[in-house]
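I opened the notebook with the model on screen. These entries record what I looked up, in order.

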Amino acid sequence: HGSVSADEAARTAPFHLDLWFYFTLQNWVLDFGRPIAMIDSFELLYYYDEYLGHCMWYIPFFLILFMYFSGCFTASKAESLMPGPALLLVAPSGLYYWYLVTEGQIFILFIFTFFAMLALVLHQKRKRLFLDSNGLFLFSSFALTLLLVALWVAWLWNDPVLRKKYPGVIYVPEPWAFYTLHVSSRH
């Protein structure tokens, strides 16, 4: 009569607004704040980020996100809803991942992770398991990122300078390359 058993309470995973908000804010500040404050003494940091950081940061980052995602399933369809604040965070989170994928040139790693997430969702659906609010948030952020990357590529598909800079089948131009070519050159 209104009481919740310990098993039911343990299965209920509330949306972690504080965690996702902090994670989104931290990523925005660190990635966008760093280039603004970069001076010559940070050349080593730049080298690390551009060359070594891809292997040491992005692969574990997406692996940890996928491992976290794999635990975001519930047997209750009623728990498979995102609260309003989560919906507000999907856009900045998806935009951040778009920046990470395009500027970091890690589309292959991102798309592999997205399809692994999708395969896991389909597999768990056969077991009658549904994404909880945190899993829905992460999956929605990745789906939005995929949409933004597709729109970005379609918009710049016929740019002759960027096509020359990024040849090949997988064409994902960096935002800073676009900015330096088309925006900063006008000033």
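I take helices (DSSP H or I, at least four residues) and strands (E, at least two) as DSSP runs, numbered from the N terminus. This is a predicted model, where I read local features only at pLDDT of at least 70 and side-chain atom pairs only at pLDDT 80 or more, while totals for chains, interfaces and linings use all residues. Residues are numbered from 1 along each chain as its sequence is written, and side-chain values use heavy atoms, with hydrogens and water left out.

**Entry: confidence.** I checked pLDDT, the predictor's confidence in each residue, from 0 to 100. The chain averages 81, and 73% of its residues reach 70 or more. Residues 1–6 fall below 50. Beyond near neighbours in sequence, that stretch has one contact (heavy atoms within 4.5 Å) in the model.

**Entry: overall layout.** I counted eight helices and two strands. Along the sequence the pattern reads α-α-α-β-α-α-β-α-α-α. Of contacts between residues at least 6 apart in sequence, 78% join residues at least 24 apart. I set burial by relative accessible area: buried is under 20%, exposed over 50%, partly exposed in between (1.4 Å probe, protein chains only). By that cut-off, buried residues make up 34% of the 187 in the chain. The chain exposes about 11700 Å² by the Shrake-Rupley method with a 1.4 Å probe. Carbon and sulfur atoms supply 70% of that area.

**Entry: the core.** I looked for nonpolar cores, meaning sets of buried Ala, Val, Leu, Ile, Met, Phe, Trp, Tyr and Cys residues joined through side-chain atoms within 4.5 Å. The largest holds 39 residues. Phe62, Phe69, Tyr97, Leu100, Phe137, Leu138 and Phe142 touch the most other members. At least two residues each come from α3 (43–70), α4 (84–103), α5 (107–126), α6 (133–155) and α8 (175–183). The largest share, nine residues, is from α4. I then picked out Phe69. Setting aside residues up to four places away in sequence, Phe69 touches Met117, Leu120, Val121, Leu131, Gly135, Leu138 and Phe139.

**Entry: α5.** Which residues of α5 are buried? I found Phe110, Ile111, Thr113, Phe114, Met117, Leu120, Val121 and Gln124. Next I checked the length of α5.

**Entry: positive phi.** Most residues other than glycine have a negative phi. I noted two residues that go the other way. Gln105, in the loop between α4 and α5, has a positive phi of about 55°. Gln105 counts as partly exposed because its relative accessibility is 39%. Just after α5, Arg128 takes a positive phi of about 65°. Arg128 sits in the loop between α5 and β2 (130–131). With a relative accessible area of 66%, Arg128 is exposed.

**Entry: UniProt record.** The unreviewed UniProt entry lists "transmembrane region" at residues 51–69, 81–99, 105–123 and 135–157. Such annotations may be inferred rather than shown by experiment. I checked two of these spans. Residues 105–123 are 89% helix and 0% strand, with end C-alpha atoms 29 Å apart. Residues 135–157 are 91% helix and 0% strand, with ends 32 Å apart, C-alpha to C-alpha.

**Entry: Val161.** I found Val161 in α7 (residues 160–165). Val161 is partly exposed, at 47% relative accessible area. Leu181 is 20 residues from Val161 in sequence and 8.4 Å away in space, C-alpha to C-alpha.
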